[in-house]
Amino acid sequence: MDDLPLQKIQISGPTLASMIERFSTALGDVDGLLFGHVSQIAPSSLSDDDPLGSSSDPSTFVATISGFLCSGTINSFYDSTGRIDFLALRRLLADRAPPRSLIGWFSGRRRSSLRPSLREFSVTACLSTKAQFFFPIENSLSNFRPSLFLLFASPLLDQVIHTHEYKAYQYHPTSQSFEPKSIDIVNIGPAFRGHYGSFSPISPFPSMACDLRASPMAEDDDDATQVAKAHDQRQLDTCAEGVQIGSLSRLMGSEATNYTAGLEDLYEKMLSKLDSLARLVEKTSAKVHEQESRNMKLRYKVAGYD
């Protein structure tokens, strides 16, 4: 079988973010399996002056990581020397429904340098030699061996900003070496690109009719005006809770400079609302991860692996 070099590795933003989240929330180092496919891309430039035609142009192969399986620990399908435990590996692959092509594996290490270890090198080399895991390349007659390795690492020292580093490698059996590969983070598909055409990185303030007139007649509101104000108040509560709709009229016009404290209070309430939403998302994500851990333990227990 040919040792086919990849031009690059593609992964969607949500998939990469999910892998980093699993690594960051784990109790320690983790590893897991990578699933996806490899496709051959036709050369973009052809020349009539080439006597050999398109056969002289090197083929371009792109690997796409479409899914992963995190074990939650290390040495999940191999021993300390890097030899693969095929019984444990089949156990992990049995959890995939529907089954996907095994394209490689990953490892996440805390407070470690972003360099593959000898054990990780041995695991990748052993995995790439097993013919039962070879799968056909799209638009090609060749097969691809699971030779990808994705390494995650956290900084050696604690930092104020929590960051994670990652790097991808392809193992080449002919030279018995790792080759670093670039990672292209893409969206889920071409159909989603149009969603960013009207994207605006600004949180819009709801459009509300604020009465700037200082006339006493403004106090005599009819039922329609009261309904409109109640609707505007509900819209304002979605952005800043605790701010009254009537106070907005003082923040507009020539007298607005006298009410800077009110404007600052409005901004503080808006930031408080965003902070509460962020905390709610964080708690929800933690509950989902906890439920997934329970489900995995139940699957192992039902399968008799516990």
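Modeller: What follows is a walk through some ring pairs, then the strands around them. Keep in mind that the model is predicted.

The structure holds 15 aromatic pairs. Take Phe 152 and Tyr 166. Their ring centres are 6.2 Å apart and the planes meet at 45°, so this pair counts as tilted. It joins distant parts of the chain: Phe 152 belongs to strand S7 (residues 148-153), Tyr 166 to strand S8 (residues 165-172), and 14 residues separate them. Phe 152 has 1% relative accessibility, so it is buried, the cut-off being under 20%. Tyr 166, at 29%, is partly exposed.

Now Tyr 171 and Phe 178. This pair is edge-to-face, with 6.2 Å between the centres and 85° between the planes. Both Tyr 171 and Phe 178 are buried.

Next, the strands. S7 and S8 pair antiparallel over six bridges. Leu 148 stands opposite Gln 170 of S8 there. S8 also pairs with strand S9 (residues 177-181), again antiparallel, over five bridges. His 172 has Ser 177 in S9 as its bridge partner. The hairpin of S8 and S9 has four residues between the strands. In this hairpin, Gln 176 takes a positive phi near 50°.

One more ring contact involves a charge. The charged end of Arg 110 sits over the ring of Phe 23, 5.4 Å from the ring centre.

Terms used:
Residues numbered from 1 in each chain as written. Predicted model: local features only at pLDDT ≥ 70, side-chain atom pairs only at ≥ 80, totals over all residues. Heavy atoms only, no water. Phe/Tyr/Trp six-rings, centres within 6.5 Å; stacked < 30°, edge-to-face > 60°. Helix = DSSP H or I, 4+ residues; strand = E, 2+ residues; numbered from the N terminus. Buried < 20%, exposed > 50% of the residue type's maximum accessible area, 1.4 Å probe, protein only. Lys NZ or Arg CZ within 6 Å of the ring centre and 35° of its normal. Pairing = 2+ DSSP bridges.
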